[in-house]
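This report describes selected parts of one protein model. Please look through the sequence and the structure before reading on.

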Amino acid sequence: MLKDLINKESKLVIGLMSGTSADGIDAVLVRITGHGPSTKVKQLAFISPAYSEEVRARILTIAEGKFGGAKELCLMNALLGHLFADTCLKLCAEAGVDPSDIDLVGSHGQTVWHIPAAEDYLGYSMRGTLQIGDPSEINEKLGCTVVSDFRVRDMAAGGLGAPLVPYTEYILYSDPDRNVGLQNIGGIGNITILPKGGKLSDLSAFDTGPGNMIMDNVISRLTKGQSRYDKGGSLALKGQPSSALLSELMQDPYLQKLPPKTTGREYFGDPYVDKIMKQAEKLVLSPADLMATVTMFTASSIAWSVDHLCAVRPDRLIVGGGGAQNPVLMDYIRQCLPDVEVMRNEDLGLDGDAKEAVAFALLANEAIYSQPNNAPAATGASHPVVMGKISQ
């Protein structure tokens, strides 16, 4: 099966992504032609079905380290595999494609814990990462090859296991005439810098800090769970950022840390937001001012990264992910980076919502050719590796 797949010049590939916000499953269908630097990609369909409130709540509880033990982790792994497989079938129906025509699926899975820095464990110094969502469910329902569990191979080579998208961004966005920055704003924010005319080894990438995660957590608390996110930045628009709280947040040690670096819910989760809420109460901030402040925190953390941590200053910053749909956040980013052309993927005729799902379709395609698909310059790995486990 794999030999036949490798010999196909053009393939129908599904990419799946479920991020730290655990809003739902991003699923994209693309036609990929070739592999390596000459790869061509055409997006055919995209859907993003939301998790039920019950499933999302349990994912977030597990990701906070509060789950009930190995039994629940086992069941959630199976459930997510089932949901990923069903999403693939829905995507095929949306695209008018027979599931039997799908050649390959690349599934990131759901990160439930990520330990990029070594910790003492049973007398050993250990790091680790865990993404769940059983790929066998996809194998069974679609009958095609699945590549999953990408991060662990990079970590075994000494990398942070993140960010994973820079390799694909290099293929798709490199520009011979300008320095390009690609800022994804999902639960966490991450940036990739592509120097003009540069090679893969010239790029740099790292997690800038919180993306939507803190904003979503705060709006959920303010509305007692009625809102998952500040739609259109409507509440933030009514307020003004608190300079006192923002100044305190910008002293966070993660922001000052030099790349390569990565972070997640284990750092910017509930305990972190607990502290923000207590400080907001002390400062007597209105809900709108609090929302404006945490929105500006995301924008300011991105600007700090551009100003102090990027190898070259981008001429253009292309923003993707859910945060790009928040006009207040986008305005704040432009205010913080007045000399940078800040735009969305859609301004270039691309689908920013599908960007990360497309990346995992591409990474899966590279994996079946045994083509190294990490970016050691971004992850800190000691050498290039082939990321992804192949299931048939």
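Which residues does N365 touch, not counting residues up to four places away in sequence? They are K11, I32, G34, H35 and L104. The model is a predicted one. N365 itself lies in helix α15, which covers residues 355-368. Its relative accessibility is 0% and the limit for a buried residue is under 20%, so N365 counts as buried.

**The hairpin of β2 and β3**

One of the contacts of N365 is G34. In the hairpin of β2 and β3, G34 takes a positive phi near 80°. There are six residues between the two strands of this hairpin. Strands β2 and β3 run antiparallel and are joined by seven bridges. Within this pairing, V30 has Q43 of β3 as its bridge partner.

**The five-stranded sheet**

Five strands form an open sheet, with mixed pairing, in the order β9-β8-β7-β10-β11. The edge strands are β9 (204-210) and β11 (341-344); each has a single partner strand, so one side of each has no neighbour in the sheet. Ignoring direction, neighbouring strands of this sheet are turned by 20° against each other on average.

Strands β7 and β10 run parallel. The bridge partner of N184 in β10 is G320.

| Strands | Residues | Bridges | Direction |
|---|---|---|---|
| β2 and β3 | 26-33 and 40-47 | seven bridges | antiparallel |
| β7 and β10 | 180-185 and 316-320 | five bridges | parallel |

**Helices on the sheet**

Helix α13 packs on the sheet and touches β7, β8 (188-194), β9 and β10. The direction of α13 makes about 155° with that of β9. Helix α14 (residues 327-336) lies across β7, β10 and β11, and α14 runs at about 160° to β11.

**The pair α12 and α13**

Two packed helices are described by the angle between their axes and the distance between the axes. Helix α12 (residues 270-282) and helix α13 (residues 287-308) pack at an angle of about 135°, and their axes are 11 Å apart.

On the α12 side, the contact is made by Y272, I276, M277 and A280. On the α13 side, L290, V294 and F297 make the contact. By class, this contact has seven nonpolar residues, no polar residues and no charged residues.

Technical notes. Residues are numbered from 1 along each chain as its sequence is written. This is a predicted model: local features need pLDDT of at least 70, side-chain atom pairs count only at pLDDT 80 or more; totals for chains, interfaces and linings use all residues. Side-chain values use heavy atoms; hydrogens and water are left out. Helices (H or I, at least four residues) and strands (E, at least two) are DSSP runs, numbered from the N terminus. Buried means under 20% relative accessible area, exposed over 50%, partly exposed in between (1.4 Å probe, protein chains only). Contact means heavy atoms within 4.5 Å. Axes are lines fitted to C-alpha atoms, for helices over the stretch in contact, and angles run from 0 to 180 degrees between N-to-C directions. Ala, Val, Leu, Ile, Met, Phe, Trp, Tyr, Cys and Pro count as nonpolar, Asp, Glu, Lys and Arg as charged, and the others, Gly among them, as polar. Two strands pair if DSSP finds at least two bridges between them.
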